[in-house]
Amino acid sequence: MNPSESRRTFAIISHPDAGKTTLTEKLLLAGGAIHLAGEVRARGNNRRARSDWMKIEQQRGISVTSSVMTFERPSSTGETLTFNLLDTPGHEDFSEDTYRTLTAVDSAVMVIDAAKGIEAQTRKLFEVCRLRSVPIATFINKVDREGLDPFVLLDEVADKLALDVTPMNWPIGMGGIYEGLFDFRRNTLSRPDKTDEHLTGLDDPRLETLVSPEGAARLREEAELALGGYGGFDLAAYRHGDQTPVFFGSALREYGVDALIGAIGDYAPPPRQQPAIPRPITPDEGNVSGFIFKVQANMNPQHRDRIAFLRVCSGKFRRGMKLKQVQTGKTIAINSPIFFFAQDRELAETALPGDIIGIPNHGVLRVGDTLTEGEAITFTGIPNFAPEILRRIRLLDPTKTKQLRTALVDMAEEGVTQLFKPLVGSQWIVGVVGQLQLEVLISRLQAEYNVAAEFEPAPFETARWLSADDPADLKAFMEGRGGAMAEDRDGAPVFLARDAWEVNYVAERAPKVRFSATRERA
Ligand code: GDP
């Protein structure tokens, strides 16, 4: 196998409480990963690994463990596959962080609670995956409890998400009458005591001896309907994001988890070609390239270090490599990268396409940055979103202006908030996509910068990035509108508007100016 094909880099998307955390733990257990649910256990005499983790995680209090979880499993043909599971923040609020994490994966697993069906957050996250044609496998969780009828669940996924569905296994009852799962792919029956029985097919007479006669009859009837009613699994349609294979199971009881991970290994795409300017980058290119999709601050207020998360897109990264930050032209020696390999072996010194490495830095690396061995390419599709909430910040202690500014710039660099500097007046405006980001901002100002502040409404509600083919058009537009013009943290011009209606009104009257709701770092 081509080394770049050995990676499965994926995320789990779900509504809170559907079972993402439980499934994550079971996947890690199944793969024998050494750090579980945020706990780090450096094993044996792997002193290097231990000291890296200890130094970064414990002395400095950065919690990076759960951001990227790596485990290995053999594929069905016996080759070793490395799974990189990227954590998406689990709160209700949609955040840019979540979006950007999804830019770094090649596929996703959507977890649905069998009693609830598709919920709001699942849907939003699904839309993000669809935007990028990220293939999705579905895990319908909690079959050990009473749930909705399997057909209702499948139809709901199909209707609400406009996606073709294909059941990969089938539950024999749910809740109190649950008797097991039948795997269509392997013709195996997995019973609650976790013994797997291989059958010749659904009509195998042994079925009656393994489950109750009612269970066997129910399975045959439902399976026939299901197999006839939904198309069979189509690898190309799945990889294209048009069809989702659906697995029933229970994360808590470990039903169906093995089938799910097996299918990700066999079917989920290895690292794909990544869109970039001026040309796309394929994983088997020799030179290293990657992009930063997330920056995480130190949780210890005594230190200002950040960890930038790099998704490797091509080449073979080695510790100590010097990479160029294309956006600034600076060369950065990456001497102490964090590798997320969880296996009980020497600390890895290399990372392949699909892998994630953490790069400690002091705020130099930013979300959206491209790193290469020198070539001037820029990965695309890692945008900032137009904020939906704009606020001014009022200091409770006016002598802290300088600290406030530093803090706002820091947090804008991390991607926690966006920062707009009005061309007229001195009060900066912060923008966020979700309410939760505002709460995070205020509590971090206090905890890390010792700045007590509160929000004030800004006279604006939304923002658009501006551009024009002819700079003179842009200049003419801006001249009449001092009060509503601002710069973002990169100095790009931004129009602040009272509402979406005003954006439309103004945009219609300025046809030579483009108003954009997203911006990528150039
Ligand atoms: P998350 O918010 O999506 O990460 O969900 P959790 O993994 O924290 O699970 C939410 C709750 O559902 C917890 O109380 C879990 O124990 C429970 N849970 C998760 N999976 C299952 C399952 O398969 N069956 C049952 N009965 N409960 C489950």
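What follows is a conversation about selected features of the structure shown above.

Visitor: What kind of model is it, and how are residues numbered?
Guide: Residues are numbered from 1 along each chain as its sequence is written. This is a predicted model, in which local features need pLDDT of at least 70 and side-chain atom pairs count only at pLDDT 80 or more, while totals for chains, interfaces and linings use all residues.

Visitor: How many residues surround the ligand, and which are closest?
Guide: The ligand is surrounded by 17 residues, and the closest are Gly 19, Thr 21, Thr 22, Ser 250 and Leu 252; a residue is near a molecule if its C-beta atom, placed from the backbone, lies within 6 Å of it.

Visitor: Which element gives the largest share of that shell?
Guide: Helix α1 (residues 20–30) does, with 3 residues. Helices (H or I, at least four residues) and strands (E, at least two) are DSSP runs, numbered from the N terminus.

Visitor: And how does the shell divide into nonpolar, polar and charged?
Guide: There are 4 nonpolar, 7 polar and 6 charged residues in the shell around the ligand, where Ala, Val, Leu, Ile, Met, Phe, Trp, Tyr, Cys and Pro count as nonpolar, Asp, Glu, Lys and Arg as charged, and the others, Gly among them, as polar.

Visitor: Back to α1, at what angle do its axis and that of α9 cross?
Guide: The axes of α1 and helix α9 (residues 257–267) cross at roughly 70 degrees and come within 10 Å, axes being lines fitted to C-alpha atoms, for helices over the stretch in contact, with angles running from 0 to 180 degrees between N-to-C directions.

Visitor: Which residues make the contact?
Guide: Lys 26, Leu 27 and Ala 30 contribute from α1, and Val 257, Asp 258 and Ile 261 from α9; two residues are in contact if their C-beta atoms, placed from the backbone, lie within 7 Å. The residues of this contact divide into 4 nonpolar, no polar and 2 charged.

Visitor: Changing topic, in what order do the 8 strands of the open sheet run?
Guide: The order is β27-β24-β26-β25-β29-β30-β28-β31, with antiparallel pairing, and two strands pair if DSSP finds at least two bridges between them. The edge strands, β27 (453–457) and β31 (514–516), each pair on one side only.

Visitor: How many bridges join β28 to β30?
Guide: Strand β28 (residues 462–467) and strand β30 (residues 493–497) run antiparallel and are joined by 4 bridges, and Ala 463 has Leu 496 in β30 as its bridge partner.

Visitor: What about β16 and β17, how many residues lie between them?
Guide: There are 4 residues between them in a hairpin, and Gly 329 in the turn has a positive phi of about 80 degrees.

Visitor: Which peptide bond is cis?
Guide: The bond from Ile 277 to Pro 278 is cis, with omega near 5 degrees, and Pro 278 is found in the loop between β12 (276–277) and β13 (289–297).
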